[in-house]
Amino acid sequence: MSEWQPKILAILCNWCSYAGADLAGVSRMQYPPNIRVVRVPCSGRVDPLFIMKSLQSGFDGVLVSGCHPGDCHYISGNYVARRKFAVLKPLLEFIGIEPNRVQFSWISAGEGERFATVVTKITEDVRKLGPSTRLVKKL
Amino acid sequence: MNVVNDLRKTIKKLLAEKKIDLFVGWEKGSLPMAATPIFITNEDEADRIVFDITCGNNLSVYFTKDKKQFADKKVGIAVKGCDARSVVLNILEKQIDRANVVMVGVPCHGVLDKKKVLAKTDGREVLELIDGGDTVTLKGNGYELSSDRSEILSSSCLSCIYPDAQEYDIFVGEPRGEVPNENRLKEIKEFEAMSTSEKWASTRAEYEKCIRCYACRNVCPSCYCNVCFVDQNDPAWIGNTCDFTDSMVFHIIRNLHVAGRCVECGACERACPMDINLLLLNRKVAMEVKDRFGDVAGLDINGKPAMVDFREDEKQDFIMG
Amino acid sequence: MNMVRLDKQKLNDFIRELSAEYSVYAPGKTNGKTEFIPVESSDEIDFNSHVTDMFPKGIFFPPAEVLFEYDEDGVREAQTSHRPIAVWGMRSCDARSLVMLDRVFGSAIQMPDNKNFQDPYWKEKYDNSLIFGIACNEPLSTCFCNWLGGGPHNRDGMDVFVVDAGDVYLMEPLSDKGIEIINSSSCLTNATGKDEALAVKLASDAESMMTAPLDTGGLGEKLTAIYDEPIWSEISAKCVNCGACTFSCPTCHCFDVQDEGKGKKGKRVRIWDSCMFPIFTMEASGHNPRALSSERVRQRIMHKYSYYPENYGENLCTGCGRCVMVCPVNLDIREVLKRIIAYKEQVI
Amino acid sequence: MANPYIPLQMKVQRIETEDPDRTLRTYDLTFLNESEKEAFRYLPGQFCEISILGKGESPFGIASSPTEPDYLRFTVNRTGSVTNDIHYLRNGDIVGMRGPLGNWYPVEDMKGMNVLIVGGGFAFTTLRSLLIYLLDSRDDYMDITVIYGARNPDLFIYKDEIATWKQRDDIQFHVTIDKLVDGWTEKTGFVPTVTQEVAPSPDNTMAIVCGPPIMIKYTLPVLTELGFPDERIYTSLERRMKCGIGKCGRCNIGSKYICIDGPVFSMAELKKIPETV
């Protein structure tokens, strides 16, 4: 059997982070192939339920990324998102979900390199943690 | 007893002067450990009102439940500190019109937690409970014992700093003022000190008990969505079986839905038939909300619930570097 | 058959004997709550429990039960290799509740086209079970079994009736299965006349401890008569429509069926449901025949004290008092019944 | 004893879209297994639970007649999560089916009698089954009158068949729409009103009513007014349903369960039930 590879869901906002990922691609930057991308209009669209659902369905990690504060296409979407994440992350850590499973970042459309770095980092973080087990629903 | 008498007089007066159509308070319940909600429309019934250690229900729940039975009525309501915050929160969220509610504050010295009482009596049935202030007397078949009030109080009361209504129209009795409570976060800090695996083991042991009766959701004044996310079936976000991960996700998301809106009244924890320590997570979230955004739910009637608000320069230590 | 004695010292041996053939369940403590748990020795039994906090019905009708599994190859019955179940220490109210549930799940509903529907999952477990009931010597203040045709020493639904008589258990087999197990056990001795007299005394003592019964005769007709009256919104005013009462009730048996699957593999599961929830009757079109809280509370009361008795001749309530204990707003079903009986019909 | 919770597997043989909005589709299902087909016996008015594995199951009235042995027909309105998935089915797909469930229209009692069929919208399914059944032994029955209403001409189901029925001289077939639209030459008006107009004779007549609740509610009094006794008015009811076999406890009206005591009830039976239809 081949070696276990982390499977990470990346939820990216359309205007910045997704474009950042695009830039990383056209610039032929190397980053681990462990992410599966879901594009959302804005990081404010990300319901914490999406994150929980991903963990439940077996993703080893979740990355949510939006525009830098101040740069939101919808003016304030990422500010509201930030409050949600600011509460969600400590709560998950509090109940005993490994801190690095769920991570948040801001990546602009021009930051292809940063995108590659962030993906590399979360992949390595999750690889260190090993396969996710705690919230995974077994059928 | 004076408080109860004054409360009854106040209600009679409000009803007599037609300032309210209906008053929501507590009356003696059928069990010694539980007062029960009562809706009063005529003055004579006011004498059934009680207020003591058994009055745990957060009555503002009746403003928001699906029946909306208070619609278009002027309602008087007896409020402890936490209940008042619930009412304020519901006012901020446009569920209640401030002009239609008369808040009658009562000085709260905490309400009991049935499971703590039963731990005191070794599970023996309590047939009579006498609220003597600092000590509470418990009587049953072949025993009588007294307990320090603090030993049987609900965990929400032990961590309470606002026992009085901060927003009220009438206050009956002496307000207690803010209670400095240094040990308020002790339980949370202790929990946080554990390793990730220990935390998980502990969380899992608690939440595995959940039978998904939704008593926690239904007694919560902040939970009033027309269709709760667990009840949606297209898409069905969460499985309805007693699968642990489903229950856990339900509770995590419920916690987030009441983030910045939870007044830590503890109604959920007292309602839980499985004795899950639900409030621990709520309090952790409330602590984060206070630390990060400086907000306490339902305290400021001119405020804005934390999760629909933001400041540009907030701490964002959790964002990847 | 006459009573036999089981020395309490020998209970463990007796449980072991039973374990040879049966999975033995008895009241035990998990996470501070008493419920029926599988036991292998008497040490695990919680003797102080009165009515267990939770679900005696769960042994035979689990909170979540797989109806079938499916994959690419089709649909398969879930693998069930249950050993027969023996239950030690089931209170009179709970044993009676099984009889009530058996009428719904176990008895054949004869359809006009000669099909009959029995619940195979219930039958497999219940039909092969052995129930050791235990008499209540000290009923609780929340108990009202005597209102509903039961009593602290009622024997309905038991294979063996057991009385706790101090140092010994007095046992009286009531069914063929019960007689067989009593005859085959080496832990038992014959009871004396004194023992039997003690059992009778304990029964009458227990009964005298109960609150005076409410006459529930004619309740069904009364409920039908007041079906459309405003009393229901008064009764339901403080109900917050959680499911604590229905989930803790030994006779509530409504269930929901849900599929859980991923890709081509999955299972269909039945789970406890509650008529207190609005979605219980919510139709896909958005129409809900029981949209109001008062309608749902009425359904619960009607089902227990009118509909079920109409179909099966007995109330669907054993008076165990669990719903009284767990209700977060102290909506006491005894108060509700008293109120209904005292209610004067309004002529409309 | 067969496990009543386990669905049989059936194959989608034919799909037909009934209306321009494509919310109503008719499915013909065939058994995969010949012996299951042989064992499946039903009468008009009964229903089946159709399963989409992983999604759930929903009850549907059988629209085919026992006299059409080659397939089972169901017409599905796309409203909820299961019906939505049913609408994604293609020819050759496999679905689960449990049934037949429930009771049926009193076809034996109708012999030698006139029959009045009153239907509305896409609830015409089991009425189609009944009508085909009656027509296939036409000599056993006397006059057959059908009143079928829909909101607009597009929302009739089985339009081709309606056209052929209308041409037959051994049945009277009235169609009506709620509000007149251009080009409509038939009756206009709500079903209860049209029933009043048509005024079928109650003498030796059995009335079968099936449609949306609001139609049933207003049609039953019309029939009573026309002189139909309660024992000769039958209607088919619906509630949210899960198990279909009288166990899960949600489809009750009063002490009766729609799934086992119904779905077909006589007006006389309904009058004894406190819960209103």
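**A helix, an interface and a strand**

Reader: Is helix 3 of chain A mostly covered or mostly open, and how many of its residues are buried?

Author: This is a predicted model, where local features need pLDDT of at least 70, side-chain atom pairs count only at pLDDT 80 or more, and totals for chains, interfaces and linings use all residues. Residues are numbered from 1 along each chain as its sequence is written, while chains are lettered from A and ligands numbered from 1 in the order in which they are written. Helix 3 of chain A is mostly covered, with buried residues numbering 15 of its 19.

Reader: What length does helix 3 of chain A reach, and what follows just after the helix?

Author: Helices (H or I, at least four residues) and strands (E, at least two) are DSSP runs, numbered from the N terminus. The expected span of a helix is 1.5 Å times one less than its number of residues. From first C-alpha to last, the 19 residues of helix 3 of chain A reach 27 Å, close to the expected 27 Å. Just after the helix, a positive phi of about 105° is taken by A:Gly96.

Reader: Which chains have the most contacts, and which helix gives the largest share of chain A's side?

Author: Two residues are in contact if their C-beta atoms, placed from the backbone, lie within 7 Å. Among the five pairs of chains that touch, the most contacts are between chains A and B. Chain A brings 34 residues to that contact and chain B brings 34 residues. On the side of chain A that touches chain B, the largest share is 14 residues, from helix 3 of chain A.

Reader: How do the residues on that side of chain A divide by class?

Author: Ala, Val, Leu, Ile, Met, Phe, Trp, Tyr, Cys and Pro count as nonpolar, Asp, Glu, Lys and Arg as charged, and the others, Gly among them, as polar. The side of chain A that touches chain B holds 19 nonpolar, six polar and nine charged residues.

Reader: How far apart are the nearest C-alpha atoms of chain A and chain D?

Author: Chain A and chain D do not touch. Their nearest C-alpha atoms are separated by 12 Å.

Reader: What is in chain D, and what is its radius of gyration?

Author: Chain D has nine helices and 15 strands, and 51% of its 277 residues are buried. The radius of gyration is taken over C-alpha atoms, and the globule rule is 2.2 Å times the number of residues to the power 0.38. A compact globule of 277 residues would come near 19 Å, which agrees with the value for chain D, 18 Å.

Reader: Why is strand 11 of chain D described as largely enclosed?

Author: Strand 11 of chain D covers residues 205–210, and six of the six are buried, so the rest of the structure largely encloses it. On one side the buried residues are D:Thr205, D:Ala207 and D:Val209, and on the other they are D:Met206, D:Ile208 and D:Cys210.

Reader: Which strands pair with strand 11 of chain D?

Author: Two strands pair if DSSP finds at least two bridges between them. D:Met206 in strand 11 of chain D stands opposite D:Val115, and D:Ile208 has D:Tyr234 in strand 12 of chain D as its bridge partner. Six bridges link strand 11 in parallel to strand 7 of chain D, and three link strand 11 in parallel to strand 12 of chain D.

Technical notes
A residue is buried if 20 or more other C-beta atoms lie within 10 Å of its own, exposed if 12 or fewer, and partly exposed in between; C-beta atoms are placed from the backbone.
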